[in-house]
Amino acid sequence: MNLALFIPELTLAVFALLVILLDLFTEQKRLLVQVSVSGLVISAGVTLAMWGESFPAIFNNMLAVDNFALFFKLLLLGVAFLVILASISYTQKFARFQGEYYALVLLSTLGMMLMAATTDLIAIYIALELTSLSLYALVGFLKDSKSTESSLKYLLLGAIASVVLLYGMALIFGFTGQTQLGEIARVIQAMSPQTILSFPALTLGLVMLITGFGFKIAAVPFQMWVPDVYEGAPTPITAYLSVASKAAGFALILRVFFSAFGLPEWLSLNWGIIFAFLAVIGMTLGNIAAIPQTNIKRMLGYSSIAQAGYLLVGMAAMGFSPVVDILGRSSIIFFLTSYALTNMGAFIAIIAISNKLDSDLIDDYTGIGKRAPLVALALTLCLVSLIGMPPAAGFMAKFYIFSAAVRSNLLWLVIIAVINSVISAYYYLRVVNVMWLGKAASEEKISSPGTLRLGLVLSCLGVLLLGIIPGFAMLLAEFAARIFVF
Amino acid sequence: MITPQFIWLIFLLPVFSFIIISFFVRPFVKAESRITGYILITALFTVLALSIWTLLSVMAAPHHEIPVPDINWVVIEGGVTIHLGLIADSLTAVMLIVVTLVSLMVQIYSQGYMHGDPGYHRYFAWMSLFTASMLGLVLADNLLFLFVFWELVGLCSYLLIGFWFHKPEAADAAKKAFIVTRLGDFGFLAGILLLYLNTSTFDIHELHKLAITGALASAILTWSAIGIFAGAVGKSAQFPLHIWLPDAMEGPTPVSALIHAATMVAAGVFLVARMFPLFEHSTEALTTVAVIGGVTAIFAASMGLVMNDIKRVLAYSTVSQLGYMMLGLGVGGVAIGIFHLFNHAFFKALLFLGAGSINHATGTFDMRLMGGLRRVMPWTYATFVIASLSIAGIWPLSGFWSKDEIVVSTASQPVLFSLAMITVFMTSFYMFRAVFITFGGDYRGGSQNEHGGHGSRPHESPKVMVTPMVVLAILAVVSGLWNVTGHFGTFMGHGQTHSFTYGFFHPFTQPLPWISLILAGLGILLAYAMYSKQWLSPEKTGNFFKPLYTLFYRKYWFDELYENIIVRVALVKGLFGSLKQFDNQVVDGAINGVARGTIAGGRAVRRAQTGQLQLYGLFIGIGILALVLVLYFAG
């Protein structure tokens, strides 16, 4: 076993502990940020150094160190970096517990990195719990009634989802006798279809796995926690939930369904149908429910449910096409990258605006275009990207995912998705409309701290870059999607 | 030899200039600062140097083309592939010189002309985008991107013509330009789609190859070529879509100079030249180009005879000269049409800058209020006369060389030939009519109502405005000499070269140049007789030809025809009326139904979101059941 390959994760663990210790001794809270960021940077550097080479899985084939995992680790570290940038001004609201806050962000990032790398049911569960437990605490960090309530809801519903997931895992283990994904695949492929069909345990197990994962990625009908938690949580954590948690969840789903249940083809068709079904209700419900929202965080919550729906279109495309077709996987990876940048940008802009307004109501955003032109411009770009209009990244992301679905003969699904995109334009553009064309209540300029600006510039540049020259990112995504360890 | 990176830079520098000006300078720097102008001028200066480098490299390159590797923009394995690439051939190289040189001169001039305007930064931001779009258009190697830049050029012209949007005439003119050119764009888009459906490629080189090898059916070739030409008719203001250009002078005068010389209207001629192999292999399409060009040339010139607004005279002269270019393309080929575009760009830009300079001094564009400016504005006068001589086609100025070639090419077709000849006469008449009214006689007062009025005494414009005019005047004299030896023609792919002395005096051994020179001379003489010496009274002459005068002055009632008959009756009452019915009853009904349904759905979902934990948990259970059912029934 090669412990060196575990250095990125170890670094994060060490730095998380370091932050907690430092917090006891220093009054300089800025130091905590610096330490956390350096932890992320070191971890990312080590991960980057491993990029492109192939390594054996570590810990008895429990953790893969392939390019898929490395790509997601980098993505998650990047998102965590942006979240910390976004938190610096926000953490003034709970000045006393900053050490815990940053440590928990690092620990949940660690959990998510593990989620992207695990190839074993038991390790998957541990990674999920590590992530979730840190997030439960982070959601309740504001300690007001809304935040506490949402944290408790998240915890209880998360527990239910965990239980269902465990049940599903148990069924699959009982059916195959294996916990390692590659081994599970070998057992299934050795069985005859009749054997599998005569025992519904495997399919029931799959449904329960999808339920457990669906909770993480906010797929309808397992999304009920999303609006309440998004509204109650500290805004940087909402961003973190909507982006990183979703990315890690999808990384997990991609790996599990691709490497354990990708073959035989009739099996993948079966879970493909489930994902197609989830995609349809996810997109439709998310978009329709977003329309009457008056709170921008809640609106983005529903929007993220709809975005998960689009991503599930990619999963359906994967199930419906032979495993060798790479476009399904690479388009999901591209979409996740684009979505991560876009949503981070949108949330950072919201933090910048809402901090000063002390309100998350869309009506209060009236005339922001005059008061904070650059932030409003960035938010506009991100919303345009969420609709999926060029030149923003969202357009290319949808283009790739829909192409994958069309290639898998899922034209009907694409038509539903396109109609949904049109519906979504209504509520995204309403914010744009209010910001630029409405008359502001006051003329006072809104200034934003440099850290937020930096985060905003970074994410907007990324959005534009992916939108204008998608070829390079798509190459990376294909590279990440191709190297899977079975 | 220039490398592809630098060719990319030609397009990118003005884009950067646009980004820097609109996102970094305009929000933070006061309008009095001149920095934005300098940013764009620096960018364009560099671009001009790069363009000259490109031209020299293309001249030295085999087949006069530098290969530029494609960038894959969107690639889906086994599916759609869209390339992003550039062409660097002789046509592009010449256009690059025209665009960057004229744009640079116009921007330097604008530093003086736009000084103190509250929209100063906005002006240079749009100017950057305008130039960038035009450069993108001439560099694009596939029709898809060419179309994108084509539309961007249209958008920028809309923004710049309507630059003083608070003036209703400017806003209307901008709308008119946008809508009328849009009509042609329909044809262009249809042509592109027709080609794509039949060849599944947007790549210009491949389309050329298919046209040359005859792989395209001739009907498709003809129709797509005519579609593309329709786009060119709109952009280059050819008959019958010429009506927008004369109104387009509502924008700042330097904008007119740029639109008329290098960026907007040249795009149409360029497009035909770029897709020339398609036209070449379809006699019908090529004849259409020649006929429309010839008709436009004389048609627009006739209206130029009677206008009183100096910019309108120039505007009709542009339409007429563009007709010449189309005629040249139709009868002679790329080299002849583009050579006229090349020469025309310099003297027409100069004429507009001159008009702007006059306006700067007198505060009006109405020639009846000017007069006597020769003494107070010697530089403007001298350069304006040089440009007028050049456009009239007087030997050895640049206009002579390109116009002569077009006239010679039409010699075998009597109708087109006589159109071209009459236009020569008209051109020299209306240009010198303008010269004599504006600069001759005594000063008649001017006006202070419009932009730039400076009190009672007119004066010469500042150096920053005069210098670009002098540079352009030099070019208006010498730019035609490029083809005296036939080098321009061979560079563009046909003709042969000969010695300079031979080429320089050769026209005098032929009858045709003599005829056209005599006609031009007669035009000048008539203008001199009527407007300088008043041997012939303009009023009497006008009355004598009353019906014709009115016909020209009312622009053949084309505006009225379009507005009253086509727009008001056919479109508004007929088509739009029935569409409105359809829209109100069917579409609105459906949309409102969907909208009501959606909103009701949204409310229902919101009601389900009660915040009660038990219910949420229950939903997870229901969800699992639903999935099992889906699998049971569909799996």
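Which residue forms a salt bridge with A:Glu231, and how far apart are the closest N and O atoms? In this predicted model, the partner of A:Glu231 is A:Lys146, and the closest N and O atoms of the pair are 2.6 Å apart. Side chains of opposite charge can pair when their charged atoms come close. Over all chains, the count comes to 17 salt bridges.

Between chain A and chain B, by contrast, the count is 0 salt bridges. The interface of these two chains holds 1 residue pair in polar contact, with both residues at pLDDT 80 or more. The area buried between chain A and chain B is about 3300 Å², and 78% of it lies on carbon and sulfur atoms. Contacts involve 45 residues of chain A and 33 residues of chain B. On the side of chain A that touches chain B, helix H12 (residues 265-290) of chain A provides the largest share, 8 residues. The composition of this side of chain A is 32 nonpolar, 7 polar and 6 charged residues.

A search of the whole structure gives 5 cavities of 30 Å³ or more, and the largest cavity holds about 100 Å³ of space. Helix H5 (121-139), helix H6 (145-176) and helix H9 (201-217) of chain A are the elements that give two or more residues to the lining of this largest cavity. The largest share of that lining, 5 residues, comes from H6(A). The residues that line the largest cavity include A:Leu128, A:Glu129, A:Ser132 and A:Tyr136, as well as A:Tyr154, A:Gly158, A:Ala161, A:Ser162 and A:Leu165. Also in the lining are A:Gly212, A:Phe215 and A:Lys216. By type, the lining of the largest cavity divides into 6 nonpolar, 4 polar and 2 charged residues.

An open space is found in chain B. The second largest pocket has a volume of about 1100 Å³ and is lined by 36 residues. Nearest the centre of this pocket lie B:Phe429, B:Arg433, B:Met530, B:Tyr531 and B:Pro538. Two or more lining residues come from each of helix H17 (378-392), helix H19 (414-439), helix H23 (511-532), helix H24 (538-544) and helix H25 (546-553) of chain B. H19(B) gives the largest share of the lining of the second largest pocket, 10 residues. The lining of the second largest pocket consists of 22 nonpolar, 8 polar and 6 charged residues.

Some loops of chain A contain backbone features that call for separate mention. Most residues other than glycine have a negative phi, and most peptide bonds are trans. The peptide bond from A:Val220 to A:Pro221, however, is cis, with omega near 5°. A:Pro391 is part of the loop between helix H16 (373-387) and helix H17 (393-407) of chain A. At A:Phe59, a residue other than glycine, phi is positive, with a value near 55°. The loop that holds A:Phe59 runs between helix H2 (29-50) and helix H3 (67-90) of chain A.

Technical notes:
Residues are numbered from 1 along each chain as its sequence is written. Chains are lettered from A and ligands numbered from 1 in the order in which they are written. This is a predicted model: local features need pLDDT of at least 70, side-chain atom pairs count only at pLDDT 80 or more; totals for chains, interfaces and linings use all residues. Side-chain values use heavy atoms; hydrogens and water are left out. On a 1 Å grid over the protein atoms alone, a cavity is a set of points where a 1.4 Å probe fits but cannot get out, and a pocket is an open set with protein on both sides within 12 Å along at least five of seven lines; lining residues have an atom within 4 Å of a point. Grid points are joined across faces, edges and corners, and a volume is the space filled by probe spheres set on the points. Helices (H or I, at least four residues) and strands (E, at least two) are DSSP runs, numbered from the N terminus. Ala, Val, Leu, Ile, Met, Phe, Trp, Tyr, Cys and Pro count as nonpolar, Asp, Glu, Lys and Arg as charged, and the others, Gly among them, as polar. Contact means heavy atoms within 4.5 Å. Buried area is the accessible area (1.4 Å probe) that two parts lose on being put together, summed over both. A salt bridge is a side-chain nitrogen of Lys or Arg within 4 Å of a carboxyl oxygen of Asp or Glu. A polar contact is a pair of N or O atoms within 3.5 Å; within protein, one must be able to donate a hydrogen and the other to accept it, and residues adjacent in sequence count only if both atoms are side-chain atoms.
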